[in-house]
Amino acid sequence: MSDRPAPGGQPDGPARNDRASDGRASGDRVRGCRQFGLLLAGSLLAGSLGALLPAGAARAQSACDPARVDIRDADGSARVSVEVVDTPESREIGLMHRESLPRYSGMLFVYEYAQPVAFWMENTLIPLDMLFFDASGQLRRIHENAKPLDRTPIPGGDDIRFVLELNAGMAKTLGIDPGAELRHPAVEQTVAAWPCG
């Protein structure tokens, strides 16, 4: 996974010292007009988009980010950054040959439909916890501490649509148990145990 810099604004440019005849900085008037124009354009755009989106869609978008998963149960919730693998080729490679995985990060395997799945650790260099979820995003099984380079099959179940791989021990650290619910935009919202909205 690539580490993205934290979002943050950059100033428009260096401050100007130009002074108009009235003593005010001439750049201030231009900058003020530009900022007002951007605010007005942004407001108009937001209003237009609001009219085009179904009610609650903006909230749903902010609740579900493809770059993270939320997991909850009766005791609380946890958030993990994820890399999504949703093609046969990307799922086949998974976390193979990687020497590390950031602490609160993982890989989310997304299948086209619920099916029997089994994993192994061939060419995987780091120990992992594997969390197996059904089509609604409900956690069915956890396999803790899968051993690196082990070719022993790890069955996930017969009706699995999502698999979340985390660093070994993270399921226990985060207090995740079977029955927990996954929230992510890849989960079909009409059947999601924890929908985005």
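Predicted model: local features only at pLDDT ≥ 70, side-chain atom pairs only at ≥ 80, totals over all residues.
Colleague: With which strands does β4 pair, and in what sense?

Modeller: β4 pairs in the antiparallel sense with strand β5, residues 139-146, over five bridges, and Leu139 in β5 is the bridge partner of Phe133. β4 also pairs in the antiparallel sense with strand β6, residues 154-167, over six bridges, where Leu166 is the bridge partner of Asp129. In the hairpin of β4 and β5, five residues stand between the strands, and Gly137 there takes a positive phi near 90°.

Colleague: How many aromatic pairs are there, and which residues do ring pairs link into a cluster?

Modeller: The count comes to two aromatic pairs. Phe109 and Phe119 form one that is edge-to-face, with 5.0 Å centre to centre and 80° between the planes, and both of these residues are buried. Phe119 and Phe132 form an edge-to-face pair as well, at 6.0 Å centre to centre and with 80° between the planes. Because Phe119 lies in strand β3, residues 105-119, and Phe132 in strand β4, this pair ties together parts that are 13 residues apart in sequence. Ring pairs thus link Phe109, Phe119 and Phe132 into a cluster; Phe132 is buried, with a relative accessible area of 0%, and Phe119 counts as buried at 10% relative accessibility.

Colleague: How many salt bridges does the structure hold, and which residues do those that share partners join into one network?

Modeller: As a general point, side chains of opposite charge can pair when their charged atoms come close. The structure holds eight salt bridges, and I will follow those of Asp70, which forms one with Arg68, the closest N and O atoms being 3.7 Å apart, and another with Arg79, where the closest N and O atoms are 2.7 Å apart. Asp70 and Arg68 are buried, whereas Arg79, at 47% relative accessibility, counts as partly exposed. Arg183 also forms a salt bridge with Asp70, the closest N and O atoms being 3.1 Å apart. Because Arg183 lies in strand β7 and Asp70 in strand β1, residues 68-73, this pair ties together parts that are 113 residues apart in sequence. Salt bridges that share partners join Arg68, Asp70, Arg79 and Arg183 into one network.

Colleague: Where does Gln189 lie, and which residues does it touch, not counting those up to four places away in sequence?

Modeller: Gln189 lies in the segment after β7 and, at 31% relative accessibility, counts as partly exposed. With residues up to four places away in sequence not counted, Gln189 touches His184, Pro195, Cys196 and Gly197. A polar atom of the Gln189 side chain lies 2.5 Å from the backbone nitrogen of Cys196.

Technical notes. Residues numbered from 1 in each chain as written. Heavy atoms only, no water. Pairing = 2+ DSSP bridges. Helix = DSSP H or I, 4+ residues; strand = E, 2+ residues; numbered from the N terminus. Phe/Tyr/Trp six-rings, centres within 6.5 Å; stacked < 30°, edge-to-face > 60°. Buried < 20%, exposed > 50% of the residue type's maximum accessible area, 1.4 Å probe, protein only. Contact = heavy atoms within 4.5 Å. Polar contact = N/O pair within 3.5 Å; in protein donor to acceptor, adjacent residues only side chain to side chain. Salt bridge = Lys/Arg side-chain N within 4 Å of Asp/Glu carboxyl O.
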